[in-house]
Amino acid sequence: MNQNQEMVEYLREAEPDAFRQACFAWNSGYFPVYAGCEVTYFPLGEDKFEALLRELRKAKKFIFLEYFIIAEGIMWNSVLDILKDKVKEGVDVRLIYDDAGCITTLPPDYCKTLRRYGIKAKLFNPIEPHLAMQMNNRDHRKIAVIDGLCAFTGGVNLADEYINRYERFGHWKDMAVMIRGEAVATFTAIFLQFWNFDEQEKSDPSAFMACSMNHSMPAEGVVIPFCDSPTDEDYVGQQTHINLINSARRFLYATTPYLVIDQETRMALILAAKNGVDVRILVPHIPDKKYAYLLARTYYQQLISNGVEIYEYTPGFVHAKVFTCDDERAVVGTINLDYRSLYLHFECAAYIWKNPVINDIELDFFHTLEKCQRIDLENCKKYNPIAKVAGQILRLIAPLM
């Protein structure tokens with residue numbers, strides 16, 4: 001019996017819901033279960049930024065970065081300065097960034113600039129001037145792996161609005177996590193799977209993943225990192241969230257920038273609320289995309305009338321993607337509650353069970369609720385009728401948005 005099988009069997013006895021998720025993760029993408037992982041929660045992009053710079057400066061072997069958005073400014077320039085220094089020290093520095101995410105923030109030939117610095121850089125899925133379905137498949141992941149010793153993921157991209165150095169939509173509320181321990185190996189594998197796709201000389205994932213082995217931390221619980229791809233029939237992100245919703249017994253708290261949900265997810269949330277679970281969803285009050293907010297409002301009345309509580313973050317925009325339930329389980333990563341994230345984008349996240357970080361996530365949720373407006377049915381009824389109609393029209397094409 002290998003280590004993953006041992007962990008799965010342990011969960012069979014310890015926690016049936018975590019056991020089911022572990023089986024699903026393995027059967028859907030061969031994502032292992034890891035014990036002994038230290039997870040640090042960053043309630044704001046500023047906190048993640050500080051930690052990322054600190055860890056980047058420690059790099060001795062390799063730095064792997066994969067981001068949807070990079071924009072020149074304080075955040076990216078600070079990271080880039082460190083990457084340049086690390087290249088001179090002989091560190092293997094690699095970067096993947098998405099063309100659609102960066103089309104307005106970086107020059108079209110930016111890869112060439114990075115390569116001149118010695119950084120191995122790739123542009124994911126370059127935008128081409130013709131209609132093609134694969135143009136919808138964007139790399140929405142946010143991953144940083146350093147020496148195989150730590151990995152970052154969450155909602156925070158490498159742009160100044162994520163650390164509130166540049167205001168776009170009021171205060172930007174985001175989050176991220178840093179993981180230490182053997183679970184970092186999965187994030188390394190996720191990155192290299194993309195990197196190797198068009199390489200003639202493939203990088204051996206096992207050589208880099210070995211850097212994470214035998215680095216168990218004195219931490220409780222388990223972590224299951226996973227990724228999602230639109231190129232197969234396993235909607236890992238969507239089904240992981242469904243598993244979490246269905247496992248909730250006392251409460252389920254979700255934070256998402258977009259609420260454009262399919263019927264399966266919507267009915268799972270309603271069923272949980274009808275089963276007596278305290279279901280709360282936290283969304284932005286100031287949207288980054290007006291159409292997304294109009295769409296989200298079309299779901300409010302049905303959800304609220306069936307017991308789901310919805311809160312809008314009044315100071316600005318929420319970009320965090322977090323689910324937590326029952327003081328025991330959480331999912332944190334890059335997955336929004338919308339069709340693009342659930343069905344069209346490449347995404348990543350971590351399922352966490354009984355790790356102390358869950359308490360930090362829940363405390364931050366309640367702290368954020370203090371700055372929110374609870375939306376009730378009266379609010380729904382008074383909502384601008386023109387906006388209501390616009391939202392219903394947009395809903396007809398919601399899966400394409």
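A: Start with the conventions. Residues are numbered from 1 along each chain as its sequence is written, and side-chain values use heavy atoms, with hydrogens and water left out. Since this is a predicted model, local features need pLDDT of at least 70 and side-chain atom pairs count only at pLDDT 80 or more, whereas totals for chains, interfaces and linings use all residues.

Q: How many helices and strands does the chain have?
A: Elements are DSSP runs, numbered from the N terminus: helices are H or I, at least four residues, and strands are E, at least two. Here the chain has 15 helices and 18 strands.

Q: What does the radius of gyration say about the chain?
A: The radius is taken over C-alpha atoms, and the globule rule is 2.2 Å times the number of residues to the power 0.38. For 401 residues, a compact globule would have a radius near 21 Å; the chain has 20 Å, which agrees. Its C-alpha atoms fill a box of roughly 60 × 50 × 40 Å along the principal axes.

Q: Which strand order does the sheet of 7 strands have?
A: Two strands pair if DSSP finds at least two bridges between them. The 7 strands form an open sheet, ordered β2-β9-β7-β6-β3-β4-β5, with mixed pairing. At the edges are β2 (38–42) and β5 (120–124), each pairing on one side only. The twist averages 10° from one strand to the next. Strand β4 (residues 92–98) runs parallel to β5, joined by 5 bridges. There, R94 stands opposite K120 of β5.

Q: Which helices pack on these strands?
A: Look for contact, meaning heavy atoms within 4.5 Å. Then read the angle: axes are lines fitted to C-alpha atoms, for helices over the stretch in contact, and angles run from 0 to 180 degrees between N-to-C directions. Helix α3 (residues 45–58) touches β2, β3, β6, β7 and β9, and makes about 155° with β7. Helix α7 (residues 184–195) lies across β3, β4, β5, β6, β7 and β9, at about 70° to β4.

Q: Why is β13 described as largely enclosed?
A: Count its buried residues. For β13 (residues 309–313), 5 of the 5 are buried, so the strand is largely enclosed by the rest of the structure. Both faces are covered: E309, Y311 and Y313 lie on one side, I310 and E312 on the other.

Q: Which strands are joined to β13?
A: β12 (residues 278–284) runs parallel to β13, through 5 bridges. V283 has E312 as its bridge partner in β13. From β12 the chain crosses through helix α11 (residues 290–305) to β13, a right-handed β-α-β crossover; right-handed means that, with the strands pointing away from the viewer, the path from the first strand over the helix to the second runs clockwise. β18 (residues 372–375) runs antiparallel to β13, joined by 4 bridges. I310 stands opposite I375 in β18.

Q: Which residues have the most contacts inside the largest nonpolar core?
A: A nonpolar core is a set of buried Ala, Val, Leu, Ile, Met, Phe, Trp, Tyr and Cys residues joined through side-chain atoms within 4.5 Å. The largest has 104 residues, and L252, L259, Y300 and I310 have the most contacts inside it. Apart from that core lies another, of 48 residues, including F49 and C150.

Note on methods. Buried means under 20% relative accessible area, exposed over 50%, partly exposed in between (1.4 Å probe, protein chains only).
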